[in-house]
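Here is a quick tour of one model, taken feature by feature. Have the viewer open and follow along.

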Amino acid sequence: MTVLGIIGGSGLAHYPGLEMTDVHNIETPFGMPSAPLRSAMLHNQPVVFLPRHGDKHTIAPHRVNYRANIHALKQLGVSHIIAVAAVGGIGEQFAPGRLVVPDQIIDYTHDREQSFFSDAFSADRHIDFTWPYHAELRQALLAAGKAAELSLIDGATYGAVQGPRLETAAEIRRLARDGCELVGMTGMPEAYLAREADLPYATLAVVANWAAGIAHSELSMADIQHTLEAGIENVRKVIAGLTDLPQLRR
Ligand code: HPA
């Protein structure tokens, strides 16, 4: 059965319009997830929703228990994961408000638990991560965006940074030289843990702001929140239009 896991990021701690059927307080071998998981029906599609930063957005990006979150979704029988993520835009076309389906990641985070197998490692646990996002799930997002008449950007390199602070202008220049077009604080190790858990995973990123130094103005949380609100409205349209998920190959 297809059950869509939705990890909500900044601006999506609650998912308006979800017809809740159950709340699950799940404990995992890796500790507690960010919040109780909610099962719901979304346009006849069973979904499980988990707010990455907790119900009240009190868990900082470097403190999220990514292992518990992915494990809890797996325990509940989720078959695919859509990760919604607020990001800063670096590349010219990645303006605030745009929705993007990234296709690559560079990981600049540190001191985060990167694997379910840290304490029980074996040579066969070096898992392929050439393409960090699930190709068909990405295509499903893009098709849903098209059906909703939204112009999603197909492909971008997401630079995953440690946070919780925003970057310096020089850091963003370095990310740009590295080829990053987006910057965010939660993309890793979440994407890799989903791969270890054998769960098709794709990110729907909402550009909340120009990254530091790009727009030559100070970043204000008020502006970011404002842009996010409009962006999240479109995120919901895309997710509502995700159809044909059962046909996705694992
Ligand atoms: N940098 C890092 N993470 C972010 C940003 C940013 O500018 N905007 C939203 N998440």
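Which residue has a polar side-chain atom 2.8 Å from a nitrogen atom of the ligand? That would be Glu 167. Bear in mind as you look around that this is a predicted model.

## Around the ligand

The ligand is surrounded by Ala 86, Val 87, Gly 88, Leu 166, Glu 167, Val 183, Gly 184, Met 185 and Asn 209. Besides the Glu 167 side chain at 2.8 Å, the side chain of Asn 209 puts an N or O atom 2.7 Å from a ligand nitrogen.

How much of the ligand does the protein bury? On its own the ligand exposes 260 Å², and 92% of that is buried by the protein.

## Two cis prolines

Keep an eye on the backbone at Pro 164 and Pro 189. The peptide bond running from Gly 163 to Pro 164 is cis, with omega near 0 degrees. You'll find Pro 164 in the loop between β9 (157–160) and α3 (169–178).

Met 188 and Pro 189 are likewise joined by a cis peptide bond, this one with omega about 10 degrees. Pro 189 belongs to the loop between β10 (182–184) and α4 (190–196).

His 57 is a non-glycine residue with a positive phi, near 55 degrees. It sits in the loop between β4 (45–51) and α1. Is His 57 buried, partly exposed or exposed? Its relative accessible area is 39%, so His 57 counts as partly exposed.

Glu 149 also has a positive phi without being a glycine, with a value near 60 degrees. Look for Glu 149 in the loop between α2 (135–147) and β8 (153–154). With a relative accessible area of 75%, Glu 149 is exposed.

## Two buried spots

Ser 79 lies in the loop between α1 (66–75) and β5. Buried or exposed? Ser 79 counts as buried because its relative accessibility is 6%, under the 20% cut-off. Its side chain makes a polar contact of 2.8 Å with the side chain of His 80.

Over in helix α4 there is Ala 194. This residue is buried, its relative accessible area being 0%. How far apart are the C-alpha atoms of Ala 194 and Ser 115? They are separated by 9.8 Å, though the two residues are 79 apart along the chain.

Methods: Residues are numbered from 1 along each chain as its sequence is written. This is a predicted model: local features need pLDDT of at least 70, side-chain atom pairs count only at pLDDT 80 or more; totals for chains, interfaces and linings use all residues. Side-chain values use heavy atoms; hydrogens and water are left out. Helices (H or I, at least four residues) and strands (E, at least two) are DSSP runs, numbered from the N terminus. Buried means under 20% relative accessible area, exposed over 50%, partly exposed in between (1.4 Å probe, protein chains only). A polar contact is a pair of N or O atoms within 3.5 Å; within protein, one must be able to donate a hydrogen and the other to accept it, and residues adjacent in sequence count only if both atoms are side-chain atoms. A residue is near a molecule or strand if one of its heavy atoms lies within 4 Å of it. Accessible areas come from the Shrake-Rupley method with a 1.4 Å probe; for residues, only the protein chains shown count as cover.
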